[in-house]
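Dear colleague,

I am handing over a structure that may be new to you, and it is placed just below this paragraph.

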Amino acid sequence: MEDKRLIDIFDEQVKTIPQLLYTDILYAGDKPATHFVEAGEQRTLTYNDLVFRVECLATSLIRLGFQEGDRIATMPPISLRWVLADLAIVCAGAISVSIVDILKRDQLVALLKDSASRAVVLPNASDALLLMEVFDTLPDLDYVFCLQKGFRGDGKTYFGLGELYHWGEQYHDEVAAELKQRMDEIQSHHLATIVYVESKPGKQHMAFHSHGKLLSTSTQALRYFSCLAGSSRNEELKKMATIPVHQIMGKLPDYFWPLIVGASIDFTGEQRIVKGDSEVISVFGT
């Protein structure tokens, strides 16, 4: 029987972002997902740690009343905290509205109205304070989340990411069944993210990405990496495997999920052979 690549199996079986995260745990749970600096020290986050943080943030979103299909906007710059928030949005069944360009306040307000976002994730406290001044002009907006470390909100409308994480950690087990049900109900064709991109100077339009589209785009990259691994350029593959996820996210074209690259490089890079009753399954089909 013809050899079958693990990448092909991955492509067949992983159809949604939550499925991707738990595949990450299955194949690379205790391996590094990203490296980052905190308080002047280099730290590492494994896939197990990363997914737990995503679950805690998603738990808080559910506790705040977000429903499947609700829209939550995110602003640049891309960071590890941004990636955690974005994944939590999608795992809670909501839709991430990614505003790619850094905008003036009036432009941001216009896009929040256009997208009917119920919340917005902002990178720092100064942005949050500016938005507070016009909060009442945004009828759909219920919450503002701030990624800045140490940010403390009012406990009603404004929250820091750390506050959401610790609150979600407290209720993690209590909400686990509902979160799992939401993730299980997500289908490949369901909308995962809306990306605002500039179609012409000063003009933004929406690009819609389903779970399936995001993953199929990502697996195309995996096939490229698998070719690298079998070539004389495999040093490039090794370098790619050590890049922090938020750096990959900012450099790859379109809207990319670097987690699929990171975890699957680990699962493909070893070139493991899995023996079945009548076939040998290899990573690269060699």
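A salt bridge, as the term is used here, is a side-chain nitrogen of Lys or Arg within 4 Å of a carboxyl oxygen of Asp or Glu. Please keep in mind that this is a predicted model, in which the rule gives a count of 8 salt bridges.

One of them joins E178 and R182, whose closest N and O atoms are 3.3 Å apart. Both residues belong to helix α8 (residues 172-185), where they are 4 residues apart, about one turn of the helix. E178 is partly exposed at 38% relative accessibility, whereas R182, at 5%, counts as buried. Through salt bridges that share partners, E68, E178 and R182 are joined into one network.

Another salt bridge brings together the side chains of E133 and R105, with 2.7 Å from N to O. Because E133 lies in the loop between α6 (125-132) and β7 (143-146) while R105 lies in helix α5 (residues 105-115), this pair ties together parts that are 28 residues apart in sequence. E133 counts as exposed, with a relative accessibility of 58%, and R105 as partly exposed, with 29%.

There is also a salt bridge between E41 and R43, in which the closest N and O atoms are 3.7 Å apart. E41 has a relative accessible area of 46% and is partly exposed, and R43, with a relative accessible area of 33%, is partly exposed as well.

How values were computed
Residues are numbered from 1 along each chain as its sequence is written. This is a predicted model: local features need pLDDT of at least 70, side-chain atom pairs count only at pLDDT 80 or more; totals for chains, interfaces and linings use all residues. Side-chain values use heavy atoms; hydrogens and water are left out. Buried means under 20% relative accessible area, exposed over 50%, partly exposed in between (1.4 Å probe, protein chains only). Helices (H or I, at least four residues) and strands (E, at least two) are DSSP runs, numbered from the N terminus.
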